[in-house]
Amino acid sequence: MEKLSQLYEGKAKKVYATEDPDLLIVSYKDDATAFNGLKKGTIAGKGVINNRMSNELMQMLEREGVPTHFVSQLSERDTLVRRVSIVPLEVIIRNISAGSFAKNYGVEEGIVFASPTIEFSYKNDALGDPLLNEYHALALGLATKEEIEDIKRYAFRVNDVLKRFWLSCGVTLVDFKLEFGRTADGKIILADEISPDTCRLWDTATGTKLDKDRFRRDLGGVEEAYSEIMGRLEKNLEVTK
Ligand code: ADP
Ligand code: MG
């Protein structure tokens with residue numbers, strides 16, 4: 001399958017049409033942004049890592065009953081995916097307080113929740129991805145009630161599967177963002193990516209951050225963190241397959 005016209009260039013990936021109208025090619029870049037595009041940079045090798053990590057995790061999720069857009073990896077940076085119409089909701093699951101949760105609710109980072117939280121934000125860069133609840137999503141016509149139910153069920157399932165997997169790698173899954181889409185036949189599937197750009201991953205033993213917070217907060221060792229987390233994943237994939 002070959003790349004035809006470029007349909008879209010996002011902050012982290014380029015999206016291309018293919019000869020099959022139901023399939024797209026996503027191409028992962030090394031570009032990194034934070035704070036709604038205010039901070040820009042590059043993380044050398046990130047595209048290769050995020051492509052591979054996202055693909056491995058999506059295949060694991062498929063095996064655990066979560067439908068995803070993954071079709072096949074074409075090269076280091078390119079993956080064939082099912083084309084969906086993206087539901088414009090960023091779906092965030094949290095197991096431990098961090099980031100905007102800590103800031104918005106005035107708590108420290110690192111509080112372990114008794115049960116995970118879910119929140120939605122409206123995927124709209126111009127508005128700064130504002131937080132909203134399911135009633136707002138319904139009122140705005142962003143998704144139907146049934147779609148929101150599917151999204152919640154899949155999102156918690158993703159959390160269960162990934163929390164367990166990362167723990168086996170000595171990594172704590174703090175929180176993450178998912179995007180879902182609708183297929184041509186109206187089914188909700190997991191789309192976009194699952195990577196250190198979209199998850200907070202802390203070394204369980206030391207608390208060291210192994211994700212994009214190193215870039216956001218200028219903590220240094222950004223590339224090293226991405227390769228460390230990728231190495232942990234590679235090492236444990238065989239065990240769980
Ligand atoms: P953004 O700047 O919006 O974060 P990215 O660079 O991360 O964009 O990704 C490119 C775009 O591709 C995003 O708008 C994302 O929602 C979209 N996308 C991801 N997976 C699919 C898919 N399977 N079908 C259609 N669009 C997708
Ligand atoms: Mg993105």
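A residue is called exposed when its relative accessible area is over 50%, buried when that value is under 20%, and partly exposed in between (1.4 Å probe, protein chains only). The model is predicted, so local features need pLDDT of at least 70 and side-chain atom pairs count only at pLDDT 80 or more, whereas totals for chains, interfaces and linings use all residues. Residues are numbered from 1 along each chain as its sequence is written, and side-chain values use heavy atoms, with hydrogens and water left out.

With a salt bridge taken as a side-chain nitrogen of Lys or Arg within 4 Å of a carboxyl oxygen of Asp or Glu, the count comes to 27. One of them pairs Asp 218 with Lys 39, at 2.7 Å from N to O. Because Asp 218 sits in the loop between α5 (213-216) and α6 (222-240) and Lys 39 in strand β5 (39-42), this pair ties together parts 179 residues apart in sequence. Helices (H or I, at least four residues) and strands (E, at least two) are DSSP runs, numbered from the N terminus. Asp 218 is exposed, with a relative accessibility of 60%.

Another salt bridge joins Asp 30 and Arg 77 at 2.9 Å, N to O. Asp 30 lies in the loop between β3 (23-28) and β4 (31-34), and Arg 77 in the loop between β6 (70-73) and β7 (78-82). Here Asp 30 is buried at 17%, while Arg 77 is partly exposed at 27% relative accessibility.

Definitions and conventions: Chains lettered and ligands numbered in written order.
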